[in-house]
Amino acid sequence: MRSSVRSGNSQPRWLFPFVVIVVLVLSVLPLARLAWTGIVSALRGDAGQLLADPALWSATLNTLATSFLGMIAAVILGGSFAVLLTLFDVRGRSALGFLFMLPMMIPPQVTALSWIGLTGPSSTLLKALGMAPPLGSPQPLYSIGGIALLFGVQHAPLVYLAMRAGLLALPKEGVEAARLSGASTVRVLLDIVLPLAMPGLVAGAAIAFVSGVGNFGIPAILGIPASIYTLPTLIYSKFASFGPTTFADISIISVLITLLAVAGLSVEARVLRGRDYRTIGLPGQAAVFRLGAVRLPAEMLLWLVTFIILVLPFLALLAGSLAPAYGVPLNLETATLHAYEEVILRQSVTRSAFTNSVSLALASAFGLLVISVLLGYYIVQTKSRTAATISALAEVPYALPGIVLAVAFILLLAAPLPILGFSVYGTIWIILIAYLSSFLAVSLKPVISAYRQFDPSLEEAARLSGAGFYRRMRDVLVPLIAPAAGSSIILVFLIACNELTVSALLWSAGTQTLGVAIYNLDDSGSFNLAAALSVLVVVMVVVLMLILELMARRLPAGALPWRR
Amino acid sequence: MNKIVSAFSALAVTAMLAGAVEAADLVIYTSQPNEDAQATVDGFKAANPGLEVEWVRDGTPKIMAKLMAEIEAGNPVADILLIADTVTLERMKQAGQLMAYKSPEAQNFDAALYDAEGHYYSTKLITTGIMYNTQAGMKPTSWKDLIKAEAKGLVAMPSPLTSGAALIHAQTLTGVDSLGWDYYRSLKDNGAVASGGNGAVLKSVASGEKAYGMVVDYMPIREKAKGAPVEFVFPEEGVSAVTEPVAILSSTEHAEAAKKFIDYILSEEGQKVQLGLGYIPARNGLGVPEGFPARDQIKVLPVNAADALKTSEEDLKTFSDIFGTAG
């Protein structure tokens, strides 16, 4: 037997330092640097000019308005889907649930592009149908309401998930008791289901609000053409017109975004405070209500909404990618695959963007796998306050808007590295480090829940028999968490491949990502190329999600964000 | 096994990342639209096989901001700049950021079209005129048609904060006695919007969101050929023009490849590629693309480059104050 002095010990000596370094580099250092620059420039008085700029306050107002209205839209959409699909006897629930989840995983700038293709006089789809609005009609989506609507569509799945988790935990007994006492369906819903579903609803609403505050892709495409700026797009435009005060400005705006996000979350905590929702009895199968005569209309409504928020925009995107030029009506004769040819075969930018995004996504997925397996092991095994702190610190970067994280890493890494003497700014490595930081929590979550699921006595038995750390990892732990690890790989890959917000600030010559390529193509006026690339990205997302869906049965509960 | 797997994946991933950013022999920052930039680079690579070329495209002010941020961080990536206007390059020349190179091709160019010391060379002539959607109610012939009641709320134009050509255009028009900044104020009063680059203007006029636009010549002329419902006019007062100059950065580590690029783009072959893309070439004796009037028929309004350089900051501020734009 291979054994050393420490073989029986629970953790190898290097594990703790490793964990500390990971958390330091990926979370503590960048955030501390951001806070430091923010405070220093505020104290030096650089903030004065920025804070006196009306553009900052109108951007703040726009951010609040779009996020708040977007939250309401998300709550209406996500809430009604959650209630209908969880509590009522609707047919085709799993298919509807899967389709409803798709917008969450589609990159926001693609969502925005496809909706632009759907409405307004520019719509190739409407033109093909002869229904386009007349010349000079404004694009209705280039407005606060348009941005909020798309926030609603994009973030409705978050509300759906949060509410569904609460609804699934409803005790059957309560509902049955009420029914036996003669309460009507409406009464039961109002008096029993609603109060118990409240925490999920509030939590979902808070997540939707915070996601809106940090969203870059949608306001970038819908807001900038109409000079409607939100805080993330203001950072982007400040950065795009680089000047001596840029670093100070963007750090202060980032701090402002963080404050808004924290405010949103603390409103949630306040609402939920003092409510105690302990339920007695088994959280059985969700209580199923019968819809009776309204079942068919309800089902048709659900499919109609799904069609409007998912299929129609995609068709519009497809139509846009097939049109030869702007304003040309699309029909069988004018349709062309030129845009696909250009994007796949000719444009070196899109090809290198594909390579970059796929490499970055693979590197993030596998790098984070190694980190999560070790970090998760440490967190689950060490039940100390340090472990709790480390676990919390690992979560922070994911909770922050991507644009804030990108700013933090620019501030941290713009100057040449100490000792090594070169700068990673402008290289692909800065994007990779930011990805590792941003998606650490995504990768960690499934792994930790898998560790928690199995009996610690399994590992103890191996340890008592003298198996060292590597041996236990190899023979006991890794096989048990393999399904969760597999899902974490695909999940991180999926998110990283479509990422825009972080890379929009960090890209440079040769390091464009797919998200940046789509945004820049649209920005340079090549809508058909942007649409073609978007169609390819959507196809990729759907395929990857279907693969995960097929794996779902073998995964621990909570591993997939859309199957909680 | 876990160790082997992780070691292997780390190795594979490092290799992929290294491959993803394989050192290019030449990095070009350009404001040409994607398809044109690709065609230019393809032509250069065909003439110089074996050279790996990387390029980045954005509006002139934005790509300059990117470059300046990189210079600030001590890590400029670009070797070649191919951007809208000479004013920006004149400023860089004065700051010592450009390398002088006397290209043998220069003899075929009008002396006014390049820097005598060889810091930059004009590659083409791009004018800014008026485009309109064929469904529009009026056929504009003068800049002043855009401030008429028929055009109320129907005019789009590029923002000088995004487009280098748009800045020169504003500086040219405001220098015309009968127009001036008052003309821009009237445009704003007439509901004209200024945001994004020329591509955004093309998109909103071709798609019918707006009926009229100030835009660079080649975009609507080229789209019209593809069947888009647009027309381009050279207004009677005259048009502004930029010359899309090319220059080598003094920080380049690929000076030889960069010189080859300058020679290529100024060569007859390189200029014919630009002609084929729908641009008026800067080189003598090549004619104009289809859809353009003869070169001597185009009335180009004068702009004083030295003055334009001095007042750029101020003009940008005046423009953003009028239109309230940030990008």
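The model is a predicted one, in which local features need pLDDT of at least 70 and side-chain atom pairs count only at pLDDT 80 or more, while totals for chains, interfaces and linings use all residues. Residues are numbered from 1 along each chain as its sequence is written, and chains are lettered from A in the order in which they are written.

Chain B contains 11 helices and 13 strands, taken as DSSP runs numbered from the N terminus (H or I over at least four residues for helices, E over at least two for strands). Its radius of gyration, over C-alpha atoms, is 21 Å, close to the 20 Å that the globule rule (2.2 Å times the number of residues to the power 0.38) gives for 327 residues, so chain B is as compact as a globular protein of that length. Along the principal axes, the C-alpha atoms of chain B fill a box of roughly 75 × 55 × 40 Å. Among contacts in chain B with a separation of 6 or more, 76% join residues 24 or more positions apart; a contact here means C-beta atoms, placed from the backbone, within 7 Å.

Turning to the interface, 58 residues from chain A and 59 residues from chain B take part in the contact. On the side of chain A that touches chain B, α15(A) gives the most, with 10 residues. By class, this side has 30 nonpolar, 25 polar and 3 charged residues, where Ala, Val, Leu, Ile, Met, Phe, Trp, Tyr, Cys and Pro count as nonpolar, Asp, Glu, Lys and Arg as charged, and the others, Gly among them, as polar.

Within chain A, helix α1 (residues 15–44) and helix α12 (residues 246–272) pack at an angle of about 110°, with their axes 8 Å apart. Axes are lines fitted to C-alpha atoms over the stretch in contact, and angles run from 0 to 180 degrees between N-to-C directions. The angle makes α1(A) roughly perpendicular to α12(A) (65 to 115 degrees). Residues of α1(A) including L34(A) and T37(A) meet residues of α12(A) including F247(A) and A248(A).

Finally, A73(A) lies in helix α3 (residues 54–87) of chain A. A73(A) is buried, with 23 other C-beta atoms within 10 Å. Leaving aside residues up to four places away in sequence, A73(A) touches A148(A), L149(A), F151(A) and G152(A).

Methods
Contact = placed C-beta atoms within 7 Å. Parallel < 35°, antiparallel > 145°, perpendicular 65-115°, else oblique. Buried ≥ 20, exposed ≤ 12 C-beta atoms within 10 Å, placed from the backbone.
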